[in-house]
Amino acid sequence: MGKVMEQVEKAENQKEKRIVLTKPMILEKECDSDAGYKAPNLMQRIMSLLKNVRPGSDLTRFQLPPLFNLPKSQLQCYGESVYCTSLDLLSICNSGQNPLERFISVVAWCISTTRPVTFGVAPYNPILGETHHVSKGNLNVLLEQISHHPPVSALHATDEKENIEMIWCQQPVPKFNGTSIEAQVHGKRQLKLLNHGETYEMNCPHLSFRILPVPGADWAGTVNIRCLETSLVAELSFRSSSFLGVGGNHRVIKGKILDSSSLKVLYQVDGHWDRIVKLKDTNNGKVRVIYDANEAISGLQAPILKDVEGVWPTESAHVWGELSQAILNKDWEKAREEKHTVEERLRELERERESKGETWTPKHFVASYSKEVGWECSPIRNRVSIAPIVAQ
């Protein structure tokens with residue numbers, strides 16, 4: 001990572017580690033979410049924040065005050081969508097008896113990475129070089145912020161027992177559209193079932209925050225899943241059938257699984273990503289449940305700290321620890337100070353790097369960018385090590 005991150009580690013090691021781990025985003029019926037607090041006069045505050053933002057504006061550099069922050073980083077939210085599950089869906093993917101059954105299980109797993117969001121609060125924008133390292137059973141997950149402007153996050157996860165590997169590279173691109181904010185997530189996700197020699201590629205739906213007439217947040221857009229070694233493809237449409245947030249059917253998912261070589265539709269997909277998703281066989285009309293959110297992503301708990309000395313200085317839960325604790329305590333004055341401290345430290349390191357003519361490079365990934373392809377990343381190591389933070 002070079003001299004810059006060595007300086008970060010030295011500075012961080014000089015003070016006591018404050019590591020704050022919070023619950024993941026959970027289904028609304030589980031009312032004890034860490035994100036359950038709401039700012040007073042929320043609409044008035046949001047409108048005041050956005051009064052100088054014009055439709056079409058790029059919001060990647062937009063900074064929220066702590067009152068509007070979740071007590072966690074976006075890097076942690078990405079990781080939670082992988083390791084925070086009540087069921088071992090990856091093992092189910094691996095145990096499929098044939099390519100079609102494995103593909104269907106991958107579709108269900110992909111749906112499980114879609115998690116509820118709360119309108120009016122958002123995670124921190126990760127700083128350059130920030131990491132998040134967590135283990136869940138045999139699955140070891142590592143994320144690193146490989147670019148700050150634009151914000152780009154990389155993920156590598158390995159399960160040596162199941163012989164599974166996962167590689168993501170994601171860039172959120174938020175735009176203000178007058179009465180809403182749409183955050184498109186650019187980048188590619190790969191899931192590799194190495195025992196079967198299969199690689200699955202997929203994208204992510206985009207997130208729409210609606211301000212008027214009724215505040216709300218919905219995942220929307222089309223997710224395409226394909227297996228590179230077979231002709232199997234899935235097209236999943238995330239949408240809400242409500243009109244401007246009023247009434248209607250929310251969190252709908254519809255789609256199909258087809259054989260791309262013949263364009264024959266094998267199954268129809270229908271349901272709600274936060275409830276039940278069903279599959280209908282186009283040959284015989286039989287219907288079965290392939291995903292139950294209540295079984296897959298309910299009852300989730302915060303990770304636990306197993307080895308404080310093993311936590312890297314760049315770990316999200318440490319970098320933002322003081323700020324997260326201040327938010328949980330609703331000590332907004334201290335929260336503002338702590339957020340300023342983290343951001344100013346990053347600016348100082350950037351100025352020092354520029355003065356020395358140094359170029360920052362990720363520690364855990366090789367990253368590249370081109371206009372034709374966008375951002376791509378590949379992990380430096382073949383496997384992710386066991387983490388000092390463990391998901392329950």
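Me: Which residue caps the N-terminal end of helix 3, and how do I read such a cap?

Reply: Start with the general idea. A polar contact is a pair of N or O atoms within 3.5 Å; within protein, one must be able to donate a hydrogen and the other to accept it, and residues adjacent in sequence count only if both atoms are side-chain atoms. Here Ser73 is the cap: its side-chain oxygen sits 3.1 Å from the backbone nitrogen of Leu75.

Me: What should I know about the model before going on?

Reply: This is a predicted model, where local features need pLDDT of at least 70 and side-chain atom pairs count only at pLDDT 80 or more, while totals for chains, interfaces and linings use all residues. Residues are numbered from 1 along each chain as its sequence is written, and side-chain values use heavy atoms, with hydrogens and water left out.

Me: How many helices and strands are there?

Reply: Helices (H or I, at least four residues) and strands (E, at least two) are DSSP runs, numbered from the N terminus. This protein has nine helices and 19 strands.

Me: Why is helix 3 called largely enclosed?

Reply: Buried means under 20% relative accessible area, exposed over 50%, partly exposed in between (1.4 Å probe, protein chains only). Helix 3 spans residues 74–83, and nine of its 10 residues are buried, so the rest of the structure largely encloses it. Among them are Gln76, Glu80 and Tyr83. Across the protein, 52% of the 392 residues are buried.

Me: How do I check a helix's length, say helix 5?

Reply: The expected span is 1.5 Å times one less than the number of residues. Helix 5 has 14 residues and should span 20 Å; its end C-alpha atoms are 20 Å apart, which agrees. Helix 5 is also mostly covered, with 11 of its 14 residues buried. Helix 9 (residues 332–356) has 25 residues and reaches 36 Å, close to the 36 Å expected.

Me: Which residues of helix 9 are buried?

Reply: An α-helix has 3.6 residues a turn, so residues three or four places apart point the same way. In helix 9 the buried residues are Ala335, Glu338, Lys339, Val342, Glu343, Leu346, Leu349 and Arg353. Just after helix 9, Gly357 has a positive phi of about 70°.

Me: Where does UniProt place a coiled-coil region?

Reply: UniProt positions follow the numbering used here, feature names are shortened, and annotations may be inferred rather than shown by experiment. The unreviewed UniProt entry puts the feature at residues 332–359. In the model that span is 89% helix and 0% strand, with its end C-alpha atoms 35 Å apart.

Me: Which residues touch the most other members of the largest nonpolar core?

Reply: A nonpolar core is a set of buried Ala, Val, Leu, Ile, Met, Phe, Trp, Tyr and Cys residues joined through side-chain atoms within 4.5 Å. In this 68-residue core they are Trp109, Ile225 and Tyr291. Helix 5 (residues 99–112) supplies the largest share, eight residues. A second, separate core of 12 residues includes Tyr124, Trp320, Leu323 and Ala335.

Me: What does Leu89 contact?

Reply: Contact means heavy atoms within 4.5 Å. Setting aside neighbours within four places in sequence, Leu89 contacts Trp109, Ser112, Tyr291 and Ala296. Leu89 lies in helix 4 (residues 89–94). Leu89 is buried, at 11% relative accessible area. Leu89 and Ala296 are 207 residues apart along the chain, yet their C-alpha atoms are separated by 7.9 Å.
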